[in-house]
Amino acid sequence: MNIDLTGTTTRQIQDALTQSRHLMGGPAVGMVLTLIIVTDESAQYDAVRAATEAAREHPCRVLTVISRDPRGATSRLDAEIRMGETGPGETVLLRMYGPLAEHADSVVVPLLMPDTPVVTWWPGGKVPKAPAKDSLGRLAQRRVTDSYAARDRLGTLAQLAEGYRPGDTDFTWTRLTSWRSLLAAALDQDHEDIVAGEVAAEPDSPSAELLAAWLSIRLGVPISRAVSEGPGLTGVTLTTTAGDIVVHRPDGRVATLCRPGQPDRQVALMRRPMAELLAEELRRLDPDEVYREAAARFAKDLAGGTTREGVASDPVSATAEAARTGPARREAADREAAGQNAAGDGAAGQGEGADGSGDA
């Protein structure tokens, strides 16, 4: 069932939701949370599709906030209500015009599900520096971003790390769940002492930076960063006194796990679509302290590695500048060591694919 409301109000939207629910024979509200999507017209289709698929596991009310012409003189609210087509939840697209677009929270608050958690998701590259301070971020217990979709991927991740508050997370971290599980399982078995490590991935990969930071924290050894042709993360090498533990995934689908003295193993390690990433984030609403530690280590190392004389007065700007300049120097060093000509990364500014698989 689709209902279009032009020049409407939140009261009319609520009445339409209640009426359509009764017409469909479901008077009881069975949603477990409210998902707020902050996006634009170009990205709303993929985001709503992913949210609809995730709602099969987590029935929810999806409020999609789309700002249209915020510089216009007249405020107007258009709504599109979708119910019962592909899942048990409710989807409301809110298109806001004029000054109303600057006060989206005043429209969203009356439409929140009562006594249920709220999750705010920014699927595109335009994310607030501090999501918890954003007007729609303040409404949520969980705030989800995706720095891989940004033009300046590492700079965005560094800014999010600086503005972190409990409840923040990023899809670049969610994409690492399979990698972290595989590495943890490999290291649960007996092995010699680990003395160093390396993470290989495409240039400007936020997931690779977070994985290297996480491994360095957990293992207490230096983890270097190597540049590969991708797609996404392509390998992790952990050097032990008895040989290397290697996870190599050249095609984005199947990885090979190599351990000293043992036969190689083939492991499924698919790049995950956006709907799976979102469903995973909706399973937990508590603060992700491991993500906080990894992001903070990444931002600290990046800023420390590019510090000029003196101390910048704005730590966020200093970290963002480090994110812009650090990858080029690391890539040049890696390629020079391999006997190749150093070249620019050429990957900045590329958004994620239509499936949202991103860089891991």
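How many residues has helix α7, and how far does α7 reach from its first C-alpha to its last? Helix α7 (residues 206-219) has 14 residues and reaches 20 Å, close to the 20 Å expected at 1.5 Å a residue. The expected span is 1.5 Å times one less than the number of residues. The model is predicted: local features need pLDDT of at least 70, side-chain atom pairs count only at pLDDT 80 or more, and totals for chains, interfaces and linings use all residues. Residues are numbered from 1 along each chain as its sequence is written, and side-chain values use heavy atoms, with hydrogens and water left out.

**View 1. Helix α7 is mostly covered.** Eleven of the 14 residues of α7 are buried. Buried means under 20% relative accessible area, exposed over 50%, and partly exposed in between (1.4 Å probe, protein chains only). The buried residues of α7 include P206, L210, L211, W214 and L215. Helices (H or I, at least four residues) and strands (E, at least two) are DSSP runs, numbered from the N terminus. After α7 comes G220, with a positive phi near 70°.

**View 2. Six strands form an open sheet.** The order is β10-β9-β11-β12-β13-β14, and the pairing is mixed. Two strands pair if DSSP finds at least two bridges between them. At the edges are β10 (223-227) and β14 (265-268), each pairing on one side only. From one strand to the next, the twist averages 20°. Strands β9 (residues 194-201) and β11 (residues 233-240) are joined by seven bridges in the antiparallel sense. In β11, T239 stands opposite A196.

**View 3. Helices α6 and α7 lie across strands of the sheet.** Helix α6 (residues 177-188) lies across β9, β11, β12 (243-248), β13 (254-258) and β14. Its angle to β11 is about 25°. Helix α7 lies across β9, β10 and β11, at about 20° to β11. Axes are lines fitted to C-alpha atoms, for helices over the stretch in contact, and angles run from 0 to 180 degrees between N-to-C directions. Contact means heavy atoms within 4.5 Å.

**View 4. Strand β3 pairs with both β2 and β5.** Seven of the nine residues of β3 (residues 60-68) are buried. Strand β2 (residues 33-39) runs parallel to β3, and seven bridges join them. The bridge partner of L33 is C60 in β3. Strand β5 (residues 90-97) also pairs with β3 in the parallel sense, over eight bridges. There, S67 has M96 as its bridge partner.

**View 5. R61 and E90 form a salt bridge.** The closest N and O atoms are 2.9 Å apart. The pair links distant parts of the chain: R61 is in β3 and E90 in β5, 29 residues apart. A salt bridge is a side-chain nitrogen of Lys or Arg within 4 Å of a carboxyl oxygen of Asp or Glu. R61 is buried, with a relative accessible area of 3%. E90 is buried too, at 2%.

**View 6. Other salt bridges occur elsewhere in the structure.** A search of the whole structure finds 19 salt bridges. One of them joins D168 and R143 (2.5 Å, N to O). D168 lies in strand β8 (residues 168-170) and R143 in strand β7, 25 residues apart. Both D168 and R143 are buried. R272 and E276 also meet, at 3.6 Å, N to O. R272 is buried at 14% relative accessible area, whereas E276 is partly exposed at 42%. A network of salt bridges links E41, R68, E80, R82 and R95.

**View 7. Two loop residues are T74 and S147.** T74 lies in the loop between β3 and β4 (76-83). Why does T74 count as exposed? Its relative accessibility is 60%. Leaving aside neighbours within four places in sequence, T74 is in contact with Y97, G98 and P99. The C-alpha atoms of T74 and Y97 are separated by 7.1 Å. S147 lies in the loop between β7 (142-145) and α4 (153-162). At 1% relative accessibility, S147 counts as buried. Not counting residues up to four places away in sequence, S147 touches R153, T156, L157, L160, D170, T172 and P206.
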